[in-house]
Amino acid sequence: MLRGLDLGEADRVLTVLTPHLGKLKVIAKGVRRPRSRIGGGLEPLGDVDLVLAIGRTFDIVTQSQLRDPHLGLRNDLHATAAGWYLADLADRFCEERAESAAAFDLLGTGLAALDHAPDNAARESVARWYELRLLEIMGYRPELTVCIECGAELGPEGNGYGATAGGVVGPECDHAALSASTISADALKAMRHYQRVTVDEAIRLALAGPVRREVERHLHATVSTVLERELRTRDFLDEVSSRRPAAGGASVLR
């Protein structure tokens, strides 16, 4: 379940992402009543099996079974904020009733990884990995290997990252029209790493604070450009993240 909106005295409109029908808006009638038969299974960020009855405007939830509540996302404010951010990204990128199987699987993988992430640094790595993978499956994969202008292989230094242009530009091709910002060798290496590894490998990556913030800034610019909007869940995640420093693990970039 991606989000919910109260309707009337006891109902709720739910936005859910499904593996076969895409993103749907459905109504859970009477779900806010204490004795509701279906209320216990309709938890935000939960993995839920639903039985729906076809309705005139919205389909109606007739049965629900909670498969995985992702309890780890509820015991820590940073984990909760990160989970809401991933769900919000899926909501904004996916169209209603459009094929979204890859996005559904990705969201499940991302939430499960957040559920078991050991610390804030690991959760931030999950978020960066998720952003890059979601951009890829939605057709917006940033080019991080060759110059987006001339196609030449990139050297380690002097490159720029253009969120609007869709990737990295070499020093010889950078110009004002691309609105590219400088990208360090370490940040470029980290983004390439996130782009090619599994989420478990992404969690093990340890980055220095300045590099972590630089990667976040570049991907924030890309997501905002593609969606043409800022996400309030990201602002909330930033606020929560700023309250305490993230711990780090150990890994090696190749």
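**Figure 1. Glu228 in the loop between H6 and H7.** Glu228 lies in the loop that connects H6 and H7. The model shown here and in the other views is predicted. With a relative accessible area of 74%, Glu228 is exposed. Its phi is near 60 degrees, a positive value in a residue other than glycine.

**Figure 2. Arg97 in the loop between H1 and H2.** Arg97 is found in the loop between H1 and H2. The phi of Arg97 is positive, about 55 degrees, although this residue is not a glycine. Is Arg97 buried or exposed? At 52% relative accessibility Arg97 counts as exposed, because the cut-off for exposed is over 50%.

**Figure 3. Helix H2 and what covers it.** Helix H2 runs over residues 101-116. Its 16 residues should span 22 Å at 1.5 Å a residue, and the C-alpha atoms at its ends are 23 Å apart, which agrees. Which residues of H2 are buried? They are Ala103, Leu106, Leu107, Gly110, Leu111, Ala113, Leu114 and Asp115. The cover over these buried residues includes two strands, E2 (11-18) and E5 (59-68). Helices H1 (77-93), H3 (120-137) and H5 (199-203) are also part of what covers them.

**Figure 4. The packing of H1 against H2.** Two packed helices are described by the angle between their axes and the distance between the axes. For H1 and H2, the axes come within 10 Å and cross at roughly 175 degrees. That makes H1 roughly antiparallel to H2, because angles over 145 degrees count as roughly antiparallel. On the H1 side the contact is made by Ala82, Gly83, Leu86, Ala87 and Ala90. On the H2 side it is made by Leu107, Gly110, Leu111 and Leu114. Of the residues in this contact of H1 with H2, seven are nonpolar, two are polar and none is charged.

**Figure 5. The packing of H1 against H3.** The axes of H1 and H3 are 10 Å apart, and the two helices pack at an angle of about 5 degrees. H1 and H3 are therefore roughly parallel to each other. From H1, the residues His78, Ala79, Tyr85, Leu86, Leu89, Ala90 and Phe93 take part. They meet Asn120, Arg123, Glu124, Val126, Ala127, Arg128, Tyr130, Glu131, Leu134 and Leu135 in H3. How many residues of the contact of H1 with H3 are nonpolar, polar and charged? There are 11 nonpolar, two polar and four charged residues.

**Figure 6. The largest nonpolar core.** In soluble globular proteins, nonpolar side chains tend to be buried together. The largest nonpolar core of this model has 55 residues. Leu86, Leu89, Leu107, Tyr130, Tyr194 and Val215 have the most contacts inside this core. At least two core residues come from each of H1, H2, H3, strand E7 (167-169), helix H4 (185-196), H5, helix H6 (209-227) and helix H7 (232-241). Which of these elements gives the most to this core? H1 does, with nine residues. Another core, of 11 residues, lies apart from the largest one and includes Val26, Ile38, Val48 and Val61.

**Figure 7. Val215 and Arg128.** Leaving aside neighbours within four places in sequence, Val215 is in contact with Arg128, Ala187, Ala190, Met191 and Tyr194. Arg128 is found in helix H3. At 5% relative accessibility, Arg128 counts as buried, because buried means under 20%. Not counting residues up to four places away in sequence, Arg128 touches Tyr85, Tyr194, Val215, Glu216, Leu219 and Arg234.

**Figure 8. Helix H4 and its surroundings.** H4 has 12 residues and reaches 17 Å from its first C-alpha to its last, close to the 16 Å expected at 1.5 Å a residue. Ala187, Leu188, Ala190, Met191, His193, Tyr194 and Gln195 are buried in H4. Among the elements that cover these buried residues are H3, strand E6 (160-162), E7, H5 and H6.

Figure 9. Leu2 is in the segment before strand E1 (3-7). At 4% relative accessibility, Leu2 counts as buried. Which residues does Leu2 touch, not counting those up to four places away in sequence? They are Thr15, Val16, Leu17, Lys23, Trp84, Ala87, Ala90, Asp91 and Leu107. Leu2 and Asp238 are 236 residues apart in sequence, and their C-alpha atoms are 20 Å apart in space.

Terms used: Residues numbered from 1 in each chain as written. Predicted model: local features only at pLDDT ≥ 70, side-chain atom pairs only at ≥ 80, totals over all residues. Heavy atoms only, no water. Helix = DSSP H or I, 4+ residues; strand = E, 2+ residues; numbered from the N terminus. Expected span 1.5 Å × (residues − 1). Buried < 20%, exposed > 50% of the residue type's maximum accessible area, 1.4 Å probe, protein only. Contact = heavy atoms within 4.5 Å. Core = buried A, V, L, I, M, F, W, Y, C linked by side-chain atoms within 4.5 Å. Axes fitted to C-alpha atoms, helices over the stretch in contact; angles between N-to-C directions. Parallel < 35°, antiparallel > 145°, perpendicular 65-115°, else oblique. Nonpolar A, V, L, I, M, F, W, Y, C, P; charged D, E, K, R; others polar.
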